[in-house]
Amino acid sequence: MTEPHRLTRADARRLAVRAQLLAEPRPTDLLDVVRHLTVVQAEPTSAIAPSADLLLGSRLGPAYDVDDLRAALDEQRLIEHQGFIRPIEDMALLRAEMAVWPGTGDLKDWERGRAAWVEANDLCRRDLLDRLRRDGPLPTSELPDSCEVPWRSSGWNNDRNVVMLLALMVARGEVAAAGRDGRAQLWDLAERIYPEDPVPPLEQARQVLAERRLRSLGIARARMAAVPGEPFAVGEVGEPAVVEGVRGAWRVDPALLDAGFAGRTALLSPFDRLVQDRKRMVEIFEFDYLLEMYKPAAKRRWGYYALPILHGDRLVGKLDASADRAEGALVVRAVHEDEPFDEATTAGVDAEIEVLAGWLGLDVVRLDRAE
């Protein structure tokens with residue numbers, strides 16, 4: 001049995017920051033960044049900029065051009081799949097999972113329920129495939145709803161039959177995202193989008209995805225509760241580790257263990273993978289953060305779309321700001337300091353605010369400081 005690596009919290013934080021390409025030197029190539037991170041969440045909220053642009057800008061710096069991302073998606077070098085931007089070559093790995101939809105082994109009730117709902121609406125599914133085969137790519141609004149059994153939920157997806165059926169057809173490997181027309185997602189037959197790469201056996205695909213996930217995270221739990229979207233657990237890939245002062249076992253990417261560390265300051269998207277595993281964020285970074293845009297204004301502590309602030313290997317605060325494009329301003333309402341910033345941290349944060357504003361083509365307006 002391999003003796004676990006013994007890490008301090010600082011060691012663990014540096015592993016995570018390096019793995020997420022948030023240390024020096026900055027990466028320089030958009031496709032290389034997405035390939036390394038494996039996923040970039042395509043969340044469209046634009047209080048400052050869409051999450052994918054904030055995330056890529058925090059890695060690539062002011063040289064990042066949003067048109068480069070749009071071009072990579074239009075040219076299908078990258079693909080938007082189930083809410084995440086991914087390298088197109090990874091689709092062969094994901095198709096191994098699609099081939100066994102709705103799952104393997106003893107299916108959960110919700111898996112059986114989704115399969116039964118698709119089967120009940122098989123005529124509508126065939127209508128969608130026929131329409132896409134004839135006229136695709138098409139937006140959701142141009143696809144017919146001939147569902148016999150409506151989608152029922154207590155949330156906002158209730159009766160959104162075509163939206164939900166398309167999502168399940170993506171999971172089945174029948175339909176794929178084919179870029180966007182403005183903000184509208186376009187859909188086409190998966191066979192016209194995915195490369196004709198050989199699909200590996202399921203367990204092999206899962207192993208490769210877990211290895212790549214660990215490489216992008218640096219340090220992760222082997223197992224944890226399932227979360228919507230991309231998982232954080234990595235199984236038994238990598239090597240075991242324990243973190244001083246933190247209960248439980250971890251897995252680490254050994255290639256990162258002996259690398260040097262040169263930290264920098266970064267303003268992170270609320271959907272950044274560095275902070276999205278809330279349990280890891282609390283245990284290793286000792287950072288308290290929650291995206292508050294779904295909370296009533298009176299209950300927010302840090303702001304509607306506060307950006308976590310990274311300085312070196314520490315998450316040190318939150319930036320409450322928004323882009324007022326009509327006024328040409330990045331409006332800074334508050335910089336919430338978890339502990340009082342020293343001069344170097346203040347200088348680093350101020351510089352990143354100026355960089356963010358310059359990248360957006362806006363002037364900085366500081367409401368948090370007396371004129």
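Let me begin with a working definition: a residue counts as buried when its relative accessible area is under 20%, as exposed when that value is over 50%, and as partly exposed in between. With that cut-off in hand, Glu 80, at 16% relative accessibility, counts as buried. Please keep in mind throughout that what we are looking at is a predicted model.

Arg 180 forms a salt bridge with Glu 80, and the closest N and O atoms of the two are 2.8 Å apart. The two residues come from distant parts of the chain, with Arg 180 in strand 6, residues 175-181, and Glu 80 in strand 3, residues 78-81, which puts them 100 residues apart. While Glu 80 is buried, Arg 180 has a relative accessibility of 38% and therefore counts as partly exposed.

In general, side chains of opposite charge can pair when their charged atoms come close. The structure holds 37 salt bridges, and I would like to take you through two further pairs.

One of them joins the side chains of Arg 14 and Asp 313, with an N to O distance of 2.9 Å. Here again distant parts of the chain are linked, because Arg 14 sits in helix 1, residues 9-19, whereas Asp 313 belongs to the loop between strand 12 (307-311) and strand 13 (314-324), 299 residues apart. Arg 14 is partly exposed, with a relative accessible area of 34%, while Asp 313, at 9%, counts as buried.

The other pair is Arg 59 with Asp 272, whose closest N and O atoms are 2.4 Å apart.

Is Thr 38 buried or exposed? Its relative accessible area is 7%, and so Thr 38 is buried. Leaving aside residues up to four places away in sequence, Thr 38 touches Ile 85, Arg 86, Pro 87, Asp 90, Arg 212 and Ser 216.

Terms used. Residues are numbered from 1 along each chain as its sequence is written. This is a predicted model: local features need pLDDT of at least 70, side-chain atom pairs count only at pLDDT 80 or more; totals for chains, interfaces and linings use all residues. Side-chain values use heavy atoms; hydrogens and water are left out. Buried means under 20% relative accessible area, exposed over 50%, partly exposed in between (1.4 Å probe, protein chains only). Contact means heavy atoms within 4.5 Å. A salt bridge is a side-chain nitrogen of Lys or Arg within 4 Å of a carboxyl oxygen of Asp or Glu. Helices (H or I, at least four residues) and strands (E, at least two) are DSSP runs, numbered from the N terminus.
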